[in-house]
Amino acid sequence: MSRKIIALLLAVFMCLGVFAGCNNQTNQNSDKTNDGAQNTDSSFKVGAIYITSQNDTAGYTFAHHYGITTAMKNIGLSEDNLFIVDNIPEDKTQVSNAIDTLAGKGCNIIFGISFGYIDAFAEAAEKEEYKDIIFSHATGYKSNETNFNNYFGRIYQARYLTGIAAGLKALELQNPSIGYVAAYGTEYAETCSGINAFALGVQAVYPEAVVHVNKISTWGDETKERQAAEALIDTYNCCVIAQHCDSAQPQKVAEERKIFSCGYNSDMTKESPNAQLTSAIWNWPVYYQTAIEAAMNDPENFMENVGIYYGGLKENFVGISPVTDNCAEGTKEIIEKVSDMIISGEWDVFTGTKLSISETGEITKVTAATLDNTDSTVIAEDGTMYCYVGEDEDRALSASDASGIAFEHDAVIKGSMNYYVKGVVEG
Amino acid sequence: MAEYAIELRNITKTFGSVIANKNITLKVKPGEILALLGENGSGKTTLMNVLSGIYKPDGGQIFVNGKEVSITSPEESKKLGIGMVHQHFKLIDVFSAADNICLGDNSGKFFLSKNRYKKIDDFAKKLGFEIDSRKIVMNMAVSEKQTLEIIKVLYYGAKIIILDEPTAVLTVQETSRLFDILRKMKNEGHSIVIITHKLNEVMEISDRVTVLRKGEYIDTVTTSETNNQKLTELMVGRKINLNIERPVTEKQPPLLEIRNLTVKDDEGNTAINDLSFYIRSGEILGVAGIAGCGQKELCEAIAGLRPIVCGKLIHKGESIAGLSPKKIIEKGIAMSFIPEDRLGMGLSPSLSITDNMLLKNYTQASSKFNPFINRKKGRSDAETVIKDLSIDTPSTETPVRKLSGGNVQKVLVGREIKAGPNVIVTAYPVRGLDINSSYAIYNILNKQKKDGVGILYVGEDLDVMLELCDKIMVLCRGKMMGVVNSCNTTKEMLGLMMTGTENLTAKDGKTPGIAADSNIKEA
Amino acid sequence: MKTKQPFVRIVRRTDFPLWAMIIINIAAVLVAVGIGAILLAAIKVDPFVYYKDMFTIGTIDNRFAYKNFEGLIEFFVPLLITSLALALTFKMKFWNIGGEGQFIMGAISSATVALLLGNSLPSWLTLIMMAVCGAVSAGIYGLVVAFFKVKWGTNETLMTLMLNYIALYALKYFGETQAGWNFFLSGESVRPVFATFPESAWMYTIKIGKFSLNITLVIAILLCALIYIYMKKTKHGYEISVVGDSQSTAKYAGMKVGRIVMRTMFLSAALIGLAGTFYVSTAHSLSTSVTNNVGWTGIIVAWLSRLNPVMILVTSLLISVLRVGCQTAATNFPVIDSNFADLLQGIILFTVLMADFLTRFKIVFRKNTEKEVEDK
């Protein structure tokens, strides 16, 4: 009796299996015909490893997911060609297994968006069986010569521009106090370079202004972000609030308190229509489109064509949202002029040359050393950059040539900056 | 008025595959005491729980005063005038007597009335009970708690009162007082059902007896027309010899001597207070006392499971005080304590009979350095014990928990005897056993006694102890009240000693519990 | 008159045949798969494609299929060892829910050995040192709990739970604090990231064609056999059973219960620490999510397997396939994120637990009993 039942069940199971197989084959066939009709290259597959869920509706993973899907749409690749492993913590085994999964699916390029994936990506790129797969890792610093790059953006350039908008507004209000809600401070070059660029932008138009930083020690927490912004306003009577954190809470606080604000990540005007000056924004599709196209067309020379990618204003990888009517008069014109200087390569933020912008909008280059908030020189007049204060002097790097043209070593992005410039106060 | 106050017809109740009651019929007349007699597991309590609404029967009819009723909850049974006094009291320890009674008051009033104490005092007095309605239950003696339970059911107007094993926790004197109360209530027209398995009490108090056996209705007889022997036959289903043997053995020197022993219980109160006694080879020393007067602590102290505060434990002239339980086992002192749940101490319920056989000797069964357990020995031991004591089990690998109560106890006692001890400490070895199994155990103990083993028998049933034991030591709140020879004492005498009314230790000139030929040299 | 009876009653089963148990468990999985198929169809995903990938852990049409098996082993080995270790204490009715913490302790200690001594010792010695340090330190971490329990009667459930968080936050502290003393972090990165172990601290693998067999798999299966023997055949195993069944009986039999509890807890925690060592030496680095939740999953595995080592082997393999398979299958579909994969796993676990309930209890309906009575 029992044997019969088991046999019957086994039979049912096997039928299901065969059915599954058949069904799948027909499915694949239909997929192929569809792909052939719609897409430029149906066989090209994109893989991505995310730190949180792919169905997030805001935040870091969302920004990258939006970037990848938009880029694929622009290129004409179907959604079916995207393979995602999400919710992968920064654990080498789990990341390696995710890479194996994506490689097994036949992905031609694999993106990893979190810093801690770095070693797993570096190891995978060296593997013999994966040498025809391109690995691309965001925010990292490792690479090889054939199939492994890293990428990030010069968001500090956009931040400098928002700093100008904030400084002009403060000048108009004659209130030298500006607030900044930051995820972290000097622990990460990503955050402190943003704060410094913003402060330098403010000081270019309003040298007496002070940027008060309130650190929340997490990349995103709506409650903490709100509390930090409120504390800045209550303690320092700030007239503008800028931010480097995931949600739009600081913008909303500014709106409620009837002061002004600069957003981050995406255009936050709809969150604070009466407070918003301008936001520093990322255009992730720009990189993803560049990378995927390069990988599709000429995978052998990916490192020559794309390489280590730190796009900025010039590539439109970063930018600012349209300057709103809340800004002081003339803001838009000044920002456009400075933006042009950066795009043309005439000038960049962390060099031995600073900008001084008069109320009438006249821009003068001033050669002056940049001091940190303990008054030691961090960028000398000749462009020598002591980017790692407190450690050995050997790590000083040349930041720019004497004329103030941008540097090539990208210390800001690779993560060696660990100080605040003068005029930034934490706490 | 209907002929019967209560009539149960063809009541059936099953628990899963177990049939607890099968087509049981029971009739109680107004103003009558009916004894419900049966061995453990015969379905008495289940039947009464059906009547009081705790269980719902699977089939059958219930009539109260001639009218058919459906009792679906204890609440309804209360409304019908049925009151139950459970074996384990349903009282709240931290409440006063009056509050425990008011607890069941469903009159809908939100606040407790202030004059509730007076009301209940008056009510009790009217019925002839003595009770302090302000006394907290925690501070009450067992008999007081029982009286309170009875008052409680009467207070809610019960005309039919069911008492489940009411005398199990009472002394002889308290029992006779309870019976007086029951007779008085009967004269007032109440119907009383008393559940018991003690034949003497049935004969003493009841008008009629209904006998159950293994969940089935056997017969109802009029008490005055029957006797112990006939009732036993009805209860057990066959003829049985009710006499317990007491073989005579030669007097031997003391085997185990206890001198000035003081032991504390788990809460740190003194449980055994300055106790001295001895056991000779070939002798059964009974220990009598009301529940919780230090029996458990005494057994544990002897077995090395409980630290002693002071005193001497001398076994064959050597002190065993402070030795580990293992060392004491190795000296040949076996202890079996059957707690109320029967499986708590001495057996590992989920393990097989084989594994339980190994419990005390698994370290000795093979070399000390052999990490593996020797199940062969356990299995052969199990086979021997199963054969010798005719234990009913499918195999030696059956978990002990799946055996019936009697067989479980046989496994335990069998193992202890298999180890060949010279002292057996056994507490409640027949607790919950049917008559047949009980007699099997008595026979085993007597055989050991003849072989020269000294036995300490902690028991509940004074009738049995008087027949089985050579001497009986009576404890009251951890203090010795005297050691009496069971040939020349009475149940009433023991009862008085158990409550502390009679203290023989003060009467004689010599201190009892010290043998004339003691091994202990006084310092 | 018919007295009222509850419509459904739950009755404990005495015996349940093995074949029925197998069938009911298979049925449970089928039910879960069915529910999952409905959910998948509802979000317009072809259930057959999903399940094909899931049950084969994505090895069909995959030129790197061997990699999927390697990944499966990396998840399976720690889960198997942890579940076995937990079963040891559960058998004793000692509720060690500190698998996470003990795993982390093992990982941290073996990482310390790897990073400090790895460069100066031969590979075999480094690995043995890592295993010993990982096991002993985790063992002590568990022993503390047992000691407190035995000595002062503290609650082991609460204590092991709390120690989980202490270990986790210690690990996070090491992972985020850049300082000269912190050898756990990579020196070359300016952002805090855990250092990669020197090559001598990498776990051995045996190449079988392209597939590299991690020798921890062999060790884990060996451990499974050893623990089976330990639990069923040795005096220690016997003592564990007795203590778990009835502490008072164990004391009565002259067993030193405190010592048995401490010994078993040490062994259990040490095994979990060993699992931690195996994990990091296979990954070649620490991470703040080393445990992969095996300390929790192991509890489910141990209970589903009724603390039987052979069943644990099967159950942990099935759970690993489920985990890895769900992730692989989810990759195919943009609408399915890992949360959905977790949901599906949850449904399967739930139905299997329900089936487990049915093997222990039976549900009796009113009609049935009445019929029985009438028949008689």
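**Exercise 1: strand β16 of chain B**

Work out how many residues of strand β16 (residues 333-337) of chain B are buried, and which way they point.

*Solution.* Keep in mind that this is a predicted model. Start with the cover: 5 of the 5 residues of β16(B) are buried, which makes the strand mostly covered. Next, sort the side chains by direction. Ile333(B), Met335(B) and Phe337(B) go one way, while Ala334(B) and Ser336(B) go the other, and all are buried. Now look for the partner. Strand β17 (residues 423-427) of chain B runs parallel to β16(B), and 5 bridges join them. One pair to click on is Ile333(B), which sits opposite Val423(B) of β17(B).

**Exercise 2: the sheet with β11 and β14**

Find the order of the 4 strands in the open sheet of chain B, and say which strands are at the edges.

*Solution.* Walking across the sheet gives β12-β11-β14-β15 of chain B, with antiparallel pairing. The edges are β12 (270-280) and β15 (318-319) of chain B, since each of them pairs on one side only. Then zoom in on β11 (residues 254-264) and β14 (residues 308-315) of chain B: 6 bridges hold this antiparallel pair. Within it, Ile258(B) faces Leu313(B) of β14(B).

**Exercise 3: domains of chain B**

Which residues of chain B go to which domain, and how do domains 2 and 3 of chain B touch?

*Solution.* First, the assignment: domain 1 takes 6-236, domain 2 takes 253-332 + 421-430 + 451-523, and domain 3 takes 342-420. Second, the spacing: the C-alpha centres of domain 2 and domain 3 of chain B are 28 Å apart. Third, the contact: domain 2 of chain B puts in 4 residues and domain 3 of chain B puts in 6.

**Exercise 4: two crossing helices**

Describe how α12 (residues 375-388) and α13 (residues 405-418) of chain B pack.

*Solution.* Geometry comes first: the angle is about 115 degrees and the axes are 10 Å apart. The crossing of α12(B) and α13(B) is right-handed. Now list who meets whom: Asp381(B), Thr384(B), Val385(B) and Asp388(B) from α12(B) meet Val411(B), Gly414(B), Arg415(B) and Lys418(B) from α13(B). By class, this contact has 2 nonpolar, 2 polar and 4 charged residues.

**Exercise 5: Ser305 of chain C**

Is Ser305(C) buried or partly exposed?

*Solution.* Ser305(C) has 19 C-beta neighbours inside 10 Å. Buried needs 20 or more, so Ser305(C) comes out as partly exposed. As for its place, Ser305(C) belongs to the loop between α11 (294-304) and α12 (309-331) of chain C. Leaving aside neighbours within four places in sequence, Ser305(C) contacts Met311(C), Ile312(C) and Thr315(C).

Definitions and conventions. Residues are numbered from 1 along each chain as its sequence is written. Chains are lettered from A and ligands numbered from 1 in the order in which they are written. This is a predicted model: local features need pLDDT of at least 70, side-chain atom pairs count only at pLDDT 80 or more; totals for chains, interfaces and linings use all residues. Domain bounds come from an automatic or database domain assignment. Two residues are in contact if their C-beta atoms, placed from the backbone, lie within 7 Å. A residue is buried if 20 or more other C-beta atoms lie within 10 Å of its own, exposed if 12 or fewer, and partly exposed in between; C-beta atoms are placed from the backbone. Two strands pair if DSSP finds at least two bridges between them. Axes are lines fitted to C-alpha atoms, for helices over the stretch in contact, and angles run from 0 to 180 degrees between N-to-C directions. A crossing is left-handed if the near helix is turned anticlockwise from the far one by less than a right angle, and right-handed if clockwise. Ala, Val, Leu, Ile, Met, Phe, Trp, Tyr, Cys and Pro count as nonpolar, Asp, Glu, Lys and Arg as charged, and the others, Gly among them, as polar.
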